[in-house]
Every structure is written in structure tokens, then in C-alpha cells.
Amino acid sequence: MIPGMLAMIVLPLAMALLLLWAPLRPWIVRALGLAPVPGLLLLPAAWDGGYSSVTLQGGWSYVLDQPGALLLAASTLLWIIGGFAASRWLAGRRDQARFALWWLLTLSGSLGVFVAGDVVSFYALYALASIPAYGLIVFAGGEDDLRAGRMTLAAALIGEGLILAAFVLLAVSAMGQGLAIAAVMNALPQSPYATIILILVVAGFGLKIGLVPLHGWMPLSYSAGPLAATAVLSGATSKAGIIGLIRFLPHDTAMPLAGGLILTAGLFSALYGAVLGLTQNNPRSVLAYSSVSQLGQMAAVLGAGLAAGMPGADSVVAYYAVYHVLTKGGLFLLLGAQAEGRVTPTWQLVLAGVMALGFAGLPLTGGALGKLAFKDVAGGGATGLLFALAAVGSTVLMLHFLTLVRRATPSADRASISAAAWVGAVTAATVLQWSLFSAVTGVSAAYALKPGVIFELLLPVVVGALIAWALAATDRKRPQLPPGDISAHAAGFIERASPRLAGLATRLETEMRRWPVSSLALVVTLIVLVAMQALRVPG
Amino acid sequence: MPLEALPVTDSTAGGALLVLAIVMPAVALVALLGLGGRGARTIVAAALLVQLLVAARVALLVAGTQAPLVYVVGGFHPPLGITLRADGISALMMVVSAVILAAAAAFAWKDFAQPRGKPEARLSLIFWSALLAMTSALNLLFTSTDLFNLYVGLELLTFAAIPVVAIKGGAETVRAALRYLLFAVFGSMLYLLGIVLIYGAYGTLATAEIAAHVTPNAATLAAAGFVTVGLLAKTALFPFHLWLPPAHAGAPAAGSAVLSALVVKGSLFLLMRLWFDTFPTLRAPDDMQLLALLGALAVIIGSITALRQQRLKLLVAYSTVAQIGYMFFVFTLVPTDAGDVIAGTAWTGAWLQVVAHAFAKAGMFLAAGLVAEILGHDRIRELGGLSAKAPLVVLAFAISGLSLMGLPPSGGFSAKFMLLVAALAEGHWLWAIVIIAGGVLAGAYVFGVLSRMMAAPAAGVELATVGRGRQLIALGLALVALLMGLLPLSPIAFLTIGRLP
Amino acid sequence: METGFDLALTLLLLGVGGWSILARNMMTAVIIFIAYGLLLSLAWVRIFAIDVSLTEAAIGSGATGMLMVIAAHKVGADARRVVHPSRAIHVLAGIVAALVAVGIAALAFVLPGEPQSLAGPVMERLGDSGLGNPVAGVLFVYRAFDTLLEKVVLLLALIGVWSLARDEDWGGIPGFRLFRHHNSVLTLLARSLPPIGFVFAIYMTWAGADVPGGAFQGGTVLAAMWILVMVAGVRKVPRVSSPLLRLAIVAGPVVFLAIGFFGFVMPGEFLAYPQGYAKPLIVVMEIALTLSIGVILGLLIAGPPKGEDAA
Amino acid sequence: MTAALLFWLAGSGLIGLAVYGLIVNPHPLCKLLALNLLGSGVFLLFGVIARRGAAAGLGGDPVPQALVITGIVVAFSATAIAVGLLLRLHGEAGVASIDEEDDAP
């Protein structure tokens, strides 16, 4: 286990370093799909649910538990598939090495973050998973790419800042007990800063998973950059936010209020993403809204678990995420394959449709298994109804996506991602999901085949399909919103206002830099400093 | 009323090393001037090598005995004479400055060569003399315990920095040097006024004696104010940074590296020495909020200004303005009761910031110098093609940037983390927000530059080739900053060896 | 009577100092500043600091004044071209400057307790060194380390000035920024004064061990003589690369360092003098320093080397 | 001791004047002059402190007096470098100004 964990983090970094040596570059570019291979060593842990950890010199520690292993398994497979797709796509392109560099850095962080066992490692690997993505998004250098890259980078850096604040407060709360995640989380319930830590954790990781209203960057980001990159970013690296919530929300303590709020925020995101996605005409943007919706459901389940104090919620959410990792990545790869210039064969459209409806819980798909697994945690009643509504929304959204895919005119881009890539990814999703069901839930997978269960799952899909049909039949022009809707408006406002603010700061700086002002300030500082001290000392 | 005498501290074994650290560069300087510039590099190499050995030996002795090294010059004890003393932080800074000076010298080795068989060259004589004088002055500032002796050290450091700034000629750099000189001399005059008042009040200039008798009377408070403000001017804390960006951007790369990494730290070191060791009872963390406020402004405004620079060297220089700001939180963050965990954390964080910034910034300035050499300019918009041509330079810049942004593993992260822990544990929310915001802004400007470096080259641009050796020097310095991040995040005992009370 | 004199001197100092700050014409300001320096050395006599008074007259007023006159002569026309800060800055500057002045003045009345002094300890051990002048004792015995470093500062000032030469002029002759007069009176003075000045400089240095005076005062006299000779064109100005000139520059610091290091051997401390040899060693050192200081001061005033044609 | 008090006041006043001149006088040579005035004021204060410490048969404490001598030399060194810089700047730019924006067209 332990060598596997380290190799998984170090191998991509080592490959990135070897890019310095020009003769090796073509080979490394060709081997992108091999970089995540050490992660396969850790695959068994997803089934056995064991727990292993190691602490290195200097307090760096790494752990492997079931939620981490589940996310890791799916992400490793997606990175391998994506890596081979990317290598093929890169063949003969200029600047291959640059793409490979950012790819490998993101890969190291994206997989490493699932096994980070202490606050510092987590922070470092999380940053590695988030920040280098910028290089992938702006790879082609177009105006839209640059804007999307800037937004993504801003979201990543601000997220880093929020998380750092949370981590420092955790360290302060657990002063003297080390920085292992387990240790600091133990101290959380007694911490005077517990509320603010929770707020920072939810906001910081919420930014990563596009929790409404922090979702504005996601449609922009997923609409730009090469599709091979978008596939891994949307499928794998977005789960850094999920593992963050899993690790840094309390496990053993029931927190009804905090949990309830997270549940509400997650459900709101789930519905919001499903509805607002319908206003988009770009299939990439639609998939992004679907991510907002799906990741929102995962957050909601974690919130429900926190409210009830159910530690099992972590594994369940990770299990549900497995399907999203590979299928979301797969659908982006489909768009890449589609752009090849051929008409998409019908069997592919059907397969894509089935897999996409898996997000809505279409029976027998991996997604349906995920929904069955978290049903107990999510609970029934009003919450259950809302989850069902989200499934209805997902159905409508995914059918909208399929219409767009069918209608899409193949672009002139000479992209060449093989259809095998996306088919492989969705197949892996289904296989993993079926084979893991009993390991995670303790219930035989046959449960999913019961007619009652199938009916219950089918209902929202049918309702959604009817709504979609009704929408299509009315033929009313649907409202169009810019990708990222209100949040993009807000970001746009900040984008326009910030140069003005920065201009103000630089003007102030220029003014202060003039000799008379600066020297005057020096003497004023002297007077204030002495006066402050003198006032404190009586007499 | 003569002050009651303190127990006399005699020279310790190895104390003479401190004299060597200060005087050997001066000997080399005299030899350089006397023999002419022709043997300059040999003399400098020997002097810096001795310096490295001396600094390492001092650090080992301090660590070994867990006690400071002391040397009573001429055998005359204070208050009449001058005593040199190296505690943990002195030893640390001696090692840091010896390493960075040696690296900068190696980097500048070819640029400031004396052409064989030609008459003595100006560049060679001036640059190497200034570098030697800087070495001497820095060691003096790190070890002297006499306030007037320290004044001479401050001036020596400034006068050594001026030729490095002005060496390239041209109206811009000469103006920068003049600004620097006049503002720095203003600062030293205020400092001198402060120590005049201290002598008037206590009849001694030895820090240990002052620390033992200091009382918060009017003269002492005024003195502390003058001394502090004078040193602020020399440290270029915002808004007293008017001289720093043009001076640090105008010097040759190796010079900029030393100026940004070490020279501003000389006066900062003295400021910390004064408030923590000379007037420890005078320091009320609440009154120091003013310094923290200026530090916060430096972080925010310096970073934003860096973000908007068009020239790489100016961006790096403004990053120094911002990074200096972090160091001023220490005056508020270290609580007065010694031995406190928070105190140790803040203290260690501040010194890590000083050292990590020294290495990262030296690496970054050297990288920026190589960039300018490769492209023939340093306009940020036109940095394209660098990553393909000189990946090591880009790597050096990136790693230095990592430390400045405060991402782990790097010394910059450890420093920022510990400062944050101290700030939040004491409820200084505002300063914590500033520290975090500064990291976000640093991320923005470092990434802005990196993405330009990664871009495709503009058509028809000729890129020059630079030597592998100098690229490795820049990279090596950056890597030191990175490896510092592997230290455990807890107070470092070495930094408290020999601290007064 | 004496108080009246002191009061008048105080008012004069403030008046003349203020005038030099407020004068619009730079040359006027500089000449007033020189006069101010002379008044100040008078003040130093009044507070029993003869050594300082001599130094102030020689360096603070003389050498500094000379540098500033040269500068004002060259850049005087700038006065019309620089922009003055706004009225608000003037007012604020006036307020804060007044606050600082009043604050410092107020400290005169609250300096704590009895005056502190090291006069006693200085005199107590001065006998060991054989010196008669306590100020020389402080400079060369107790705080010789400061004095040694101050010599390095002086060398560095020279490096700083030389760094401003253009590369093609390097190795050339320090450009006397003074006007070259081939004037018979000047030539006569330049031929007759230096021998007297030289003797006087050596005397001042040698006497400095026991009575006010010393290397700096002597060095200034020497520098003045040298400059006179150069300006009158009686002797050629040496090149900055001349080995002899370099030797003269470093002679003082070399002797100082050598004696300092010899202290390690005997009596075992850096910058300590062997029992009984203090005074002769100090006198030797001071004479070497006088030479170096004279040459360095002259070179600092002469400025960076200029091309052959400019000399 | 009235001389000491009077000269202390003179020193304070000179420092105030110099600070004012340093802030408002735009030309670097004027600033340099103000700096020298500031220095002389500081030295004078030190001289007064020496005078207060008259003891052991001396008219003043010799330690501050010696330090002032060193201080004067250091201040002179600064002046020499500054004059060199401002003359070079004058030569390069045609006018010696310290703020770029002070260069009136």
C-alpha cells in the first residue's frame, strides 16, 4: 500500500521533471496514460474497506481508507484513459511538453489528495490538483480560454485561501497535537472556532464543487480548453472538493444545524444546476451544469450524514461519486470523439443516452446503484422527494444534452480522440459500480434488480422524460443565459471593478512613492509611534 | 549615578571567529584596492570561502554549546569597549548571508571578470569591492552589540549597496541610487538621534546593559521611536519604499539578488534585535499594531502593484516590498511573556519568512536576470518561448514563486503557516486575512508570469543562450527555499539560543 | 556675559541654518551653510569639545562645503526646473517639523536623573595607553573597532564615487571639477604653502595623541594642500590606477589592520596593544592614516576619473 | 550649564528646520544640505550630552565626542557619494531631480 501511495504521487512529478530533458519529451508525452498506473496498486482497498496509514519524517502522513480508495479507483482509471486519449490528441502538436507538464502536475495532486493524511500534505496536493489546471485550460491560448483560465485560477486561489484559513484554525484548536487530519478533526468539536471552521470548509470546498452560488467558474472552465483535459478536470479533480468535505466535516458528532444547512445548500445546487442547465446551448456547458447538480447531491448526502451523525455517509458518497468520475469524464471524451468529423453512430448515441440517464438513476445503470446506496442516509419524506425532483431534473437535462449532441455539427478541429476512450470510461464506471455495491453497502447487488426498487427508480426518469417531451412539443423558445448565470455576472462585475480597485491601489502607491509624501509619512509615523507609547505609560 | 554593573561576560572559545567574519572581508577589500582589480576574483573567492567556513563554524559552535559566542574586542568590556556576540539568529543569518553572497558571486563570476592582459576594469573593481564591504557590514549588523558600532555597520551596508545600484550608469539607475542614498541617510540620522538619547539616558550603548536597565521614560520612548523609524526607512517598509523598486530593478542581477535577499534584512535584523532584545520590556504588542498596519499595507498594495508591472524585474522588486510586509507582523504577534508556545511559533515563523524570502528572492532575481539575458529585454508580455529555450530558468522562477505564494512544501508556506497560527491564536483576524490575501495575490502575479513564459515565442525572436552553471545557481537557491518546507512546523529551538531574557 | 554670547550664538545658528534651508538660490544656500559650519565649530568650543570643533571646521564645514560649492556651481541652474511640492505639503511639513523640534527640545528637561558619563572610566585606564588626549583614547584604544570600520567606510565612499566613472574613462585622471586657474598668486601659494602645511599636518597628527587634533584634522590639511597644488597645476594629478596612489590610499587601513591582527599575537586580543607599546603604535598608525585620509579626501573632492581630454 | 541647555535647544531647532527642508526642498542638493544640517543638529545634541557628563576633570564626556568625530566622517562620506551621484545624474539627464515627475518639461 505505502509504496503505491508514494509512487502514485511521485511518478507524475518525476515525469514532469524529466520533461526538462528535451530528448525525453516525446516519450513522456506518449506515456501520459502510464503515469497514473501506480494508483492501480491501491485498487483492492476499494473493496476490502481496510485502513492503512504511514507517517514520514517531518509529519507528512498518508492514509488509505474506503472513501479515498473508491474515489482513487475511479480517478485512476479515468486518468489512464484520459492520458492515452491526450497522448493521441497531442501527437504532432506543438507545445506537447507544455501540455504534458500541466497534465502531470494536476494528475499528481488529483490522485494524491485522496490519500493525504495530514493537513499540510492535503493542502499541498489540493493546490497541485487545482492550480496547474490553469495551464491546461489556457493551452490553446484563445481569448475565451484565457478568460476561463483566469476564472478557474481565481476560484482555485481563493479556495486555497479559505481552506488555509480553516486549516490554520484547526491547527490552533489542536495546538500541540500534531497536524494529522484525524488529530485536528478530533479537536474540532471542542474548538471555539468550530462554526467558522465549518463555514470556511464548506465555502472553500464548495468553490471546488461549484456549490451554488459559487458555481460560476465551472461552466466557463469546462467550456474551454482541450476536451481530454476537461474530461479529467470535470471527472477527477472536481472530486478533490468531495474528499475535502469528507475529510474535514466532523464524523462522529451529529451536527443537525450545520448538516441541515449543507443538505439544503446541496439540494438547492442539485435542482438549480438541473434547471439552469436547460438554458445552455453548448453541450460542454450543459455537462458543467450537470456537474453542479450531481456534486450538489453528493454534498447534500454528506450534509444529511452530518446532521444524523452517520460516519457511513462518507463511503456512500464516494461510491456514488465513482459513477460520476468516469461517466462525466466519458461524456466529455465523447464530445472529443465526436469532433473528429464523422457523424456519431446511433449505437453510440444510445449508449451515451443510457449512461447519461444513469445520473438520473435509470435502473440497472451504475448511477442507479449509487442512488440506492445513499437512500438510507438521505432519508425519506421531504428530503427524499427533493432528491427525486433532482433526478427528474437530471433526466430533462441529460435529454437536452443528447439533443445537442445529436444536432452538433462536427467542428473543424482536427481533434482525434478515439471513441474507445469514452466507451471504455463508461464501461469501467458500470463495472466498478456493480462490483462494488455489496462491498460498500453490505447488501447484495441483486437488491437492485427487485421490481419494486426498479419501479421506484424509474419513476423520476419517466416523469423527466415526459417533461422533456412536453418542453420539446410546446416548441417555445427557451430562455438563454450566459454560462455561469448570476454567478458569472457577479464575476464579470468583479472582473470589471477589480482593475479599477487595483488602479486605485497603484495610484496610492505612486503617490506614496513621491519623496515629500513618503518622508512626511516617515515623520508622522515617528510622532504617532512615540505618542502611542507615551500614552500607554502613565506620566 | 553610574548604572550598577552587570556581570562581565568574557570572550568565549571561538569568539574570535566573529572578528574574522567582519574583518576578513575588509582585509580582502584593502588588498583588492591596493593590488588593483586584476586579482579581484581570486581575492573575492578566497574571502567568500573563508566566510562560508567561518559562518558554518559559528553556527556549529552555537548549536554545540547551546550558548552564544562572545568576543570582547581589544579586551575592553562595555560600556567602554565593544562586544561582538552571536546567538542563534545571528548564526543563522551569518550562514544564510554567506551562502547567498557566495552564490551571487559565482553567478556574477563571468559578468564582472577582469579581461586578461587589459588594464584594470571599473566594473570588476567596483562590484567586487562592494560585495566584500557588504559581507563585512552584514556580519557586523548580525553580531555587534554596540548601538553606535551598529550605526557604522548600517552606513557601511548602505554605502556598499549604492555602487551596486549605480554600477550600470544611466539616468534611471543613478537617480535610483541617489534616492536610495538620501533616504537611507535620512533614516540613519534618525537612528543616530535615537541612540544619542539613549546614551543621554543610560550612559552606555551596549544592548545588554540597556536591556537590563531600560525604563519607559520620555527619553527612552522618544529614542525607541527615532531608532525604529530610522530603520523602517532603511528596510523600505511601505510607504517608505520609494527607493526600493527602481534600485533593486536597476542593479545587475547578482546585485539585485543580494540587495533584495540580504541588504534590506540587515536593518530589519537590527529592528528585531532592538525590540526583542534591547527594549524587551518596552514592547507592548498593542502599540506595535502601527507597524503591523504598515506591514499589511505593504503586503496588499505591494502585491497589487507587482501584479500590474510590465517589467519582470520591477515585478520582482515589488514582490520584495510585499514580502517585507509579512515580517512586520512579528512585532505584534510575539506575546510578551517569554516561553509561550505562540511566542515561539510567531518568532520561528518570522525568521523562516526572513530566510525563505532571502533564498526565494535571490533565486528569483537571478532567474529574472537570466531571462533578460536570453530575451534581451524583460517585458512580461513578451516572455514567450522561454520554457522551451531555458526550462531550468523557468523552473527556478516557478520554485521561488511557490515559496513566495506560500504553497507547501516550501519555506514560505511554513513561515506563513506559523505566522497565521500565531495571528489566529491571538485573535488578530485582520492580519490573518491579510496574510492569506497576500498569498492569493502572489499566486496571481507568479502565475501571470509563468503562463507568459510558457507561451509560444513571438515570430522572429532571437533567443540567446546562457550558461548551464548560472541556471543551476538560480535553481539551487530556489530549491533551498523549497526544502525549508520539509522542516516540521514547530518552534525551532536554535532560534532562541542566547536570546536576552 | 557668557550666557549672552551663547544665546547670541544659538540664535545665529538657528537663523543661519534656517536661511540655508530657505534660500532659493543653491549657491547662496551652500555658502551660508559653510558659514553655519564655522559658527557651529564655535559652539563646539563652548561645550568643551575642541577635537570635535576642529573636525567640524575641517570636514563638516571645509571639505563638505567644498564638495557642495562644486555641486552648486554645476547644477545651480536646476533650481528653476524642479517642481515644488504643494502648499498642503509645506504646511504639513512645517507642523510635523515643529512637533519634532519641540518634542526634542522638551526632552532637555526630562532626561532622567543625574547625567550619565563615561569620563571617569575613560580617564581611569587612559594612563595604560600613554595617551594624553582622552578623545584619542576612545578613538584608538577603547573603540578602535569603530575607527577601523570608519576607515573602511571612507574607502567605500571612494569606491562609490569612482563607481560613477564612465567605463572608457576608468584608469584615467580624477577630473578636477574645479576651474583651472593659471594664476600667478595661486601658483605661488601652491609652491610655498604645501611644505608648511605638510609639517603642520604631521604636527597635528602627532600632537593629537595628547592634545586636541589627530589624523583627521591632519589629513584634511594635507588634502587641502594637495588640492591647492593640483588646482594650480604645479603637479600632475595621478591616474586612479597608479600603484603609488593606491598604496597611499590603503597605507593607513593596512597599518591599522596589521596592528589589529598583531593584537591576536600579543597581548592576545584583536585590536589590543602590547603593554607599553600603545602610544608608539598609535602614533605610527595615525601617521599612516593621515596620509591615506589626505589622499582619500582629495580624491573624493576631485570626483570620478574623467577622460584624458577632460583633465 | 546654560550653554548646554541653549545648545540643546539650538540642536532641536536645527533638526526641525532640517526635517522641514528635507521634506519640501525638491532639489537633491538642497536635500543633501538639509541632511547635513540634520546631522549637525544630532551631533550637537550629542555634544550637549557629553557636556552634561563633564567629570573626572574633563570638560565633557570624551566618549560622545569621539563618536561625533566618527559620525562627522561618515556623514562626509555620504555627502561625497551623493555629490558624485547628483553630478552624474545632472550629466545624464540634464537636470538632477529625485522624483521622475519633478522633471518639469
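# A walk through the chains

Let's start with chain A, whose secondary structure comes to 23 helices and two strands. Please keep in mind that this is a predicted model. Taken along the principal axes, the C-alpha atoms of chain A fill a box of roughly 90 × 55 × 50 Å. How does the radius of gyration of chain A stand beside that of a compact globule? A compact globule of 539 residues would have a radius of gyration near 24 Å, and chain A agrees with this, having 24 Å. Of those 539 residues, 60% count as buried. Contacts in chain A also reach along the sequence: among those between residues at least 6 apart, 82% join residues at least 24 apart.

For a closer look at chain A, pick out two of its helices, α15 (residues 283–308) and α18 (residues 366–378). Their axes come within 9 Å and cross at roughly 35°, and the crossing is left-handed. Which residues meet there? From α15(A) come A:Val301, A:Ala304 and A:Gly305, and they meet A:Phe374, A:Val377 and A:Ala378 of α18(A). Sorted by class, this contact has five nonpolar residues, one polar residue and no charged ones.

Now move over to chain B, which has 19 helices and two strands. The globule rule gives 23 Å for its 501 residues, and the radius of gyration of chain B is 22 Å, close to that value, so chain B is as compact as a globular protein of that length. The box filled by its C-alpha atoms, taken along the principal axes, is roughly 80 × 60 × 40 Å. In chain B, 72% of the 501 residues count as buried. Among the contacts in chain B with a separation of 6 or more, 80% come from residues 24 or more positions apart.

B:Leu92 lies in helix α3 of chain B, which covers residues 88–108. Is B:Leu92 buried or exposed? It has 23 other C-beta atoms within 10 Å, and therefore B:Leu92 is buried, since 20 or more are needed to count as buried. Leaving aside neighbours within four places in sequence, B:Leu92 is in contact with B:Trp351, B:Val355 and B:Leu495. The C-alpha atoms of B:Leu92 and B:Phe494 are separated by 8.6 Å, although these two residues are 402 residues apart along the chain.

Stepping back, you can follow chain B through its domain assignment: domain 1 (12–145), domain 2 (147–283) and domain 3 (285–501). The C-alpha centres of domain 2 and domain 3 of chain B lie 22 Å apart. Their contact takes 26 residues from domain 2 of chain B and 33 residues from domain 3 of chain B. On the domain 2 side, α7 (207–213), α9 (244–250) and α10 (253–278) of chain B each supply at least two residues. Which helix gives the largest share of that side? It is α10(B), with 13 residues. By class, the side of domain 2 of chain B that touches domain 3 of chain B divides into 18 nonpolar, five polar and three charged residues.

Finally, look at where chain D meets chain A. Here six residues of chain D are in contact with six residues of chain A. On the chain D side, five of the residues are nonpolar, none is polar and one is charged.

Key:
Residues are numbered from 1 along each chain as its sequence is written. Chains are lettered from A and ligands numbered from 1 in the order in which they are written. This is a predicted model: local features need pLDDT of at least 70, side-chain atom pairs count only at pLDDT 80 or more; totals for chains, interfaces and linings use all residues. Two residues are in contact if their C-beta atoms, placed from the backbone, lie within 7 Å. Ala, Val, Leu, Ile, Met, Phe, Trp, Tyr, Cys and Pro count as nonpolar, Asp, Glu, Lys and Arg as charged, and the others, Gly among them, as polar. Helices (H or I, at least four residues) and strands (E, at least two) are DSSP runs, numbered from the N terminus. The radius of gyration is taken over C-alpha atoms; the globule rule is 2.2 Å times the number of residues to the power 0.38. A residue is buried if 20 or more other C-beta atoms lie within 10 Å of its own, exposed if 12 or fewer, and partly exposed in between; C-beta atoms are placed from the backbone. Axes are lines fitted to C-alpha atoms, for helices over the stretch in contact, and angles run from 0 to 180 degrees between N-to-C directions. A crossing is left-handed if the near helix is turned anticlockwise from the far one by less than a right angle, and right-handed if clockwise. Domain bounds come from an automatic or database domain assignment.
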